[in-house]
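Hello,

Here is the structure we talked about handing over. Please open it alongside this note, which goes through what was found.

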Amino acid sequence: MPAKTDYSRKTKWKNEPYQGERGVGGNFVYAGDNLLDKHLFVHRLAPGGFDWGPDASDEKASQLAIALLAPLKGVDYAVEHYHLFAENFVRRELTDDTWEIKRQDYRSDEYVEAIDGRDYPENTAPGPEDVPDLEDADLESITYAAEIALAEKYAEVLWQSGNRRENLRRLKAIWSGEEDPASDAVASGTLYRIQGLDIPSNARSTLVKQFDSMGELAAWVCYGRNHSQLAGISDASAKKIPNARPGFVQYFGGTEHIPEHDTREMSLSEMSNTRGDTAQQTFTSTLSEADE
């Protein structure tokens, strides 16, 4: 499931329409009875305010587009599509000094045609190459546009479930040694959110019972050779388990943070579960004799 932002978690569209009006003191846009926030924290283009119509600057029209889109469509959509909405709707459809947009207008054929059937100006939101490295990023003050770009930059090692900015903070803490995912307990809810771990619920329950920590489980998943030797894991599930390696890499913030797989210890556990106590005793004796 895709990660969310703080904004998408706490902000909901209200049924009151958006209304714009030009006045002596400037351009005003309302969300119901309240002034519409400029949404500079999403993508900062025009701190000075909004504008609309054919004479509006790209920056002010884009800032209005972001503020209009984010509450209904979400931050990610606003960052990805604001430039189209600004050029093809804010500048071309909002031509009067006063205007009103209702929720249903976003679903109208005219709106869809305005966005999809005209010009495609440049999107000025930052890309992965435009944001600083995670170690240098100020996660308390970056815009959501920068947050999205930063998450894309580290997509291969970033945990994808839950809140995106918290996941970036978590990744930063793992890299600095402040947090160690290896010590996390194995929980069904966590395994359900591991990308690629497409196995039945009873197989997940087996993993919860058999492994004490995420470090042990990740080592077995990523470096174990025969996953079907674990009692409760069918051949079909065993074939799917290696597909979860990228998901565990994201959970751990990189392969270098996944513990090494203890082949002797896991082999002993697997044989105990699949062949009984006699096999375990035989295997233990063999190891003892080898040590001697």
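**The sheet**

Four strands make an open sheet, ordered β3-β2-β1-β4, with antiparallel pairing. β3 and β4 (98-101) are the edge strands, and each pairs on one side only. Keep in mind that this is a predicted model.

β1 (residues 18-23) and β2 (residues 26-31) pair antiparallel over 6 bridges. A hairpin of 2 residues joins β1 to β2. Gly20 sits opposite Val29 in β2.

On one side, β2 pairs antiparallel with β3 (residues 34-35) through 2 bridges. Tyr30 has Leu35 in β3 as its bridge partner. This is a hairpin too, with 2 residues between the strands. Gly32 in that turn has a positive phi of about 70 degrees.

Tyr18 stands opposite Ile101 in β4.

**The cores**

The largest nonpolar core has 40 residues. Leu150, Leu207, Met214, Leu217 and Phe248 have the most contacts inside it. Two or more residues each come from α5 (144-153), α6 (164-176), α8 (201-210), α9 (214-223) and α11 (245-252). α9 gives the most, with 6 residues.

What does Phe248 touch, leaving out residues up to four places away in sequence? Its contacts are Ile194, Met214, Leu217, Ala218, Val221, Cys222 and Ile258. As background, nonpolar side chains tend to be buried together in soluble globular proteins.

**Helix α8**

α8 has a buried side. Ala203, Arg204, Thr206 and Leu207 are buried there. Viewed down the axis of α8, its buried residues fall within an arc of 155 degrees, so they line one face of the helix. Ser201, Asn202 and Lys209 are exposed on the other side of α8. The buried residues of α8 pack against α7 (188-193), α9 and α10 (235-240).

**Aromatic pairs**

The count of aromatic pairs comes to 7. Phe85 and Phe89 are one of them: their ring centres are 4.9 Å apart and their planes are at 10 degrees, so the pair is stacked. The two are 4 residues apart in helix α3 (residues 75-90), which means about one helical turn separates them. Both Phe85 and Phe89 are buried.

Trp159 and Tyr251 form an edge-to-face pair, with 5.0 Å centre to centre and 90 degrees between the planes. This pair links distant parts of the chain. Trp159 is in the loop between α5 and α6, Tyr251 is in helix α11, and they are 92 residues apart. Trp159 counts as buried because its relative accessibility is 9%. Tyr251 is buried as well, with a relative accessible area of 8%. Trp159, Tyr251 and Phe252 form one aromatic cluster.

**Confidence**

The chain averages a pLDDT of 86, and 83% of the residues score at least 70. Among the elements, α11 has the highest mean pLDDT (98). Helix α13 (residues 277-291) has the lowest (42). Over residues 267-292, pLDDT stays under 50. For that stretch, the model has 23 contacts beyond four places in sequence. Where pLDDT is low, the predicted coordinates should not be read in detail.

Best wishes

Definitions and conventions. Residues are numbered from 1 along each chain as its sequence is written. This is a predicted model: local features need pLDDT of at least 70, side-chain atom pairs count only at pLDDT 80 or more; totals for chains, interfaces and linings use all residues. Side-chain values use heavy atoms; hydrogens and water are left out. Two strands pair if DSSP finds at least two bridges between them. A nonpolar core is a set of buried Ala, Val, Leu, Ile, Met, Phe, Trp, Tyr and Cys residues joined through side-chain atoms within 4.5 Å. Buried means under 20% relative accessible area, exposed over 50%, partly exposed in between (1.4 Å probe, protein chains only). Contact means heavy atoms within 4.5 Å. pLDDT is the predictor's confidence in each residue, from 0 to 100. The arc is that of the directions from the helix axis to the C-beta atoms. Rings of Phe, Tyr and Trp (its six-membered ring) pair if their centres lie within 6.5 Å; planes under 30 degrees apart count as stacked, over 60 as edge-to-face and the rest as tilted.
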